[in-house]
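Student: Could you take me through the salt bridges here, close up, and then show how they sit in the rest of the fold?

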Amino acid sequence: MSIRPLLPQAAVAVLILSLSPIAAATVEVTLTPLQPTVERGHDVMVRVTLTNASTTPQHLLRWRTPLDGVESPLFEVRRDGQPVRYLGRRVKRAPPGPSDYVRLDPGATLSKTVELSRLYEMSVTGSYTIRYRSPAMPAPGVGIQAVVGELTSNPVSIFVNGPLPRGSKVAGMAPEPGGAGLSYANCSNAQQEQLVTAMDAGRAMTVDSHAYLTSGRQYGERYSTWFGALDAARGARVTANFTAIKDAFENKPVKVDCDCDEPYFAYVYPARPYTVWVCRAFWAAAVTGTDSRGGTLLHELSHFDVVAATDDHVYGQAGAAELARTAPERAINNADSHEYFGENTPAQQKAK
């Protein structure tokens, strides 16, 4: 999903640069289970408390907290020592604006109760270890959002009596039946026509990206801008990602649902291919170019576990470029980095 800043870019940059970078140690996170044992059919509830342990106000990105709901994997969940799959939304957002920050005064706390069993695969009976873990953001700079270091809570244990017996294997969710092709839900005739054009644009971006990556030429400025310095292993990963995204555009049963009135671009559930929900910012975007309709579909398809399993480490061109420069190992897993490589605006190299 994407929420576009309402203020002029210069004004946003001034505010962003005025926000204090947050070191992880200045904001403490406490996790508390509401019940240490959860019986079958009951929800798994935890309380997250954020406390400013410093002497100065701190600013937190709202979407890196559970204050407005959880729309990214903010928790690390393990069952009997094994990682548990996240089933919730992953959303595409615009770079943050002033309204995306929440102020936390010295000594102040913010708390939120979260129901975890709708966000993580917790249907199997077992002992679950849960930790809140919000990832660090890139280093600040002009046009880059203020930083929060990784926020990590204490681990808590909850025993869940689930509908499946202990030791059960949870199969991956299969694609919807029906074969390749584009289908719709809650979309008007006009929206369906626009979606055909957007799918064609996204497919063309992916074809060009794949051809560029497999052309045998040295990766040039286009690659390094979005994925960092050339590295054979990372380059192979990016190529494999675009191979899978291209296959999703061309051969998978993509379904677009228009029943979203949120200000975002779009969202998906990574474990539920291949349905994409498109929202208000999607319809306001151009078909091609930066943060376009075609690029948004590329971004969202990359999120599916059976495609490229990308994450949302940063949003926006400035953040993605900085990520490529400072943390290329994360850039190759960042959905916006793939989108901007595909959109290629301003144009750098194209496939020959």
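Tutor: R203 and D200 sit 3 residues apart in helix α2 (residues 189-213), which means about one helical turn separates them. Helices here are DSSP runs of H or I with at least four residues, strands are runs of E with at least two, and both are numbered from the N terminus. The side chains of R203 and D200 meet in a salt bridge, 2.7 Å from N to O; the term asks for a side-chain nitrogen of Lys or Arg within 4 Å of a carboxyl oxygen of Asp or Glu. R203 is partly exposed at 26% relative accessibility, and D200 is partly exposed too, at 41%. For those words, buried is under 20% relative accessible area, exposed is over 50%, and partly exposed is in between, with a 1.4 Å probe and protein chains only.

Before going on, a word on what we're looking at. This is a predicted model, where local features need pLDDT of at least 70 and side-chain atom pairs count only at pLDDT 80 or more, while totals for chains, interfaces and linings use all residues. Residues are numbered from 1 along each chain as its sequence is written, and side-chain values use heavy atoms, with hydrogens and water left out.

Next, K252 and D247. Their salt bridge has its closest N and O atoms 3.6 Å apart. K252 is partly exposed at 27% relative accessibility, and D247 is partly exposed at 28%.

Now for R90 and D311. These two form a salt bridge with the closest N and O atoms 2.6 Å apart. R90 belongs to strand β7 (residues 90-91) and D311 to the loop between α6 and α7, so the pair ties together parts 221 residues apart in sequence. Both residues are buried. That loop runs between α6 (293-303) and α7 (317-326). The R90 and D311 side chains also make a polar contact at 2.6 Å, meaning a pair of N or O atoms within 3.5 Å; within protein, one must be able to donate a hydrogen and the other to accept it, and residues adjacent in sequence count only if both atoms are side-chain atoms. Leaving out residues up to four places away in sequence, D311 touches R90, H303, N333, N334 and A335, where contact means heavy atoms within 4.5 Å.

Stepping back to the whole chain, there are 18 salt bridges in the structure, and the chain has 9 helices and 16 strands. Of its 352 residues, 51% count as buried. Among contacts between residues at least 6 apart in sequence, 73% join residues at least 24 apart.

One sheet is worth a look as well. Its 3 strands form an open, antiparallel sheet in the order β1-β3-β9, with strands counted as paired if DSSP finds at least two bridges between them. β1 (27-33) and β9 (109-115) stand at the edges with a single partner strand each, so one side of each has no neighbour in the sheet. β1 pairs with β3 (residues 45-52) in the antiparallel sense over 7 bridges, and P33 stands opposite V46 in β3.
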